Amino acid sequence: MKVIVYYFSGTGNTQLVAQLYKKHFETLGENSVELYKIHRLEEGEKIPSPDDFDLIGIAFPIYGFNSPEPVYKFAKSLPKISQDSNAKKRTFIFRTGGEGTSFNNYASQKIISLLQKKGYDILCDNLYVMPYNMIFRHSPQMVKSEFIYADAMAKLCVQEIQNGVHKKVKYFPLKYWFVPIVRMVWPYAKFQGKFILKVNKKKCVQCGACVKNCPQRNIRFDEKKQKYIFGAECALCVACSFNCPADAISLGPLNGWRVNGSYQIQKTASDAQIEFPYFGENLKGLMRFLYYKHFRKCDAELKEAGIELQ
């Protein structure tokens, strides 16, 4: 089976989960998997056609209980499935977010509705809790558990897909009425990219990491003015600030929530000195609300499938 996963990733969490899917598809069956990073295209660039694959995945991080705007635009650009086709295009979706609450379940619905009208058969829509790149920095104990659970849950999803299981997320529109309102983050991201993102010249070492890591190609270095220029195509992925080795990029009003620097997730997950599992009865207050129920649901599903956390 030929599989492609189209994914958007700023700080690398969604890309890492996409790599886990690739590993499990290729380990659990005779599958070939291609990973394609969604980005702003330059003239002449083409997207790999879903027609060339038996199964497609769409993956993205959750920003303000929504998908990033580039992901919705990407889904909108995908071709309709021919009415002459014998079957709809089999499609799976997964999202990454910094917390496991049900408020994140509505993030895919705008994309799902669009794709279903185009003839795509949505098999599942899964959430993977991964380290925050905004709000607060996750501890090594959290990071280790998040990666190990993501690995096991990705394996479970691949097994279910190969067994023909349809497993859709339950959501209640009246409960999540505020999500379309929060989608104002889309135009705000463009405004922030153009007018708010700033580089501290005293800290900046002009390494170009921000230019290299921006999936929207929204940053360039002006050689004449010797400064970085930000455009209006920002998606608020914070790849620029997160990956800046000098911590030189300011996010304006969001600066207090900024997280800077790689978590080194796989290295952290393999460290035997770090506590595992973490998300258990030790959780109290807000942390329990954000994570406990999600990981107990994962435990139940993994136990039923006979998959052990490793």
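These legends describe close-up views of a predicted model. Local features need pLDDT of at least 70 and side-chain atom pairs count only at pLDDT 80 or more, while totals for chains, interfaces and linings use all residues. Residues are numbered from 1 along each chain as its sequence is written, and side-chain values use heavy atoms, without hydrogens or water.

**View 1. Arg217 and Glu45 meet in a salt bridge.** A salt bridge here is a side-chain nitrogen of Lys or Arg within 4 Å of a carboxyl oxygen of Asp or Glu. The N to O distance is 2.6 Å. Arg217 sits in the loop between helix H7 (209-213) and E7, and Glu45 in the loop between strand E2 (32-37) and strand E3 (55-61), so the pair ties together parts 172 residues apart in sequence. Helices (H or I, at least four residues) and strands (E, at least two) are DSSP runs, numbered from the N terminus. Arg217 is partly exposed at 35% relative accessibility. Glu45 is partly exposed at 31%. Buried means under 20% relative accessible area, exposed over 50%, and partly exposed in between (1.4 Å probe, protein chains only).

**View 2. Lys167 forms a salt bridge with Glu301.** Their closest N and O atoms are 3.2 Å apart. Lys167 belongs to the loop between helix H4 (140-162) and helix H5 (179-182), Glu301 to helix H10 (residues 285-305); the two are 134 residues apart. Lys167 is partly exposed, at 26% relative accessibility. Glu301 is buried, at 17%.

**View 3. Arg258 pairs with Asp247 in a salt bridge.** The closest N and O atoms lie 2.2 Å apart. Arg258 is in the loop between strand E9 (249-250) and helix H9 (265-269), and Asp247 in the loop between helix H8 (239-242) and E9, so the bridge ties parts 11 residues apart in sequence. Arg258 is partly exposed at 22% relative accessibility. Asp247 is partly exposed too, at 27%.

**View 4. Glu69, Lys73, Lys190 and Glu233 form a network of salt bridges.** The whole structure holds 14 salt bridges.

**View 5. Gln109 is buried in helix H3.** The helix spans residues 109-117. Gln109 has a relative accessible area of 7%. Leaving aside neighbours within four places in sequence, Gln109 is in contact (heavy atoms within 4.5 Å) with Asp125 and Tyr171.

**View 6. Ser82 lies in a loop.** The loop runs between helix H2 (69-77) and strand E4 (89-97). Ser82 is partly exposed, with a relative accessible area of 44%. The C-alpha atoms of Ser82 and Gly119 are 7.9 Å apart, although the residues are separated by 37 residues along the chain.
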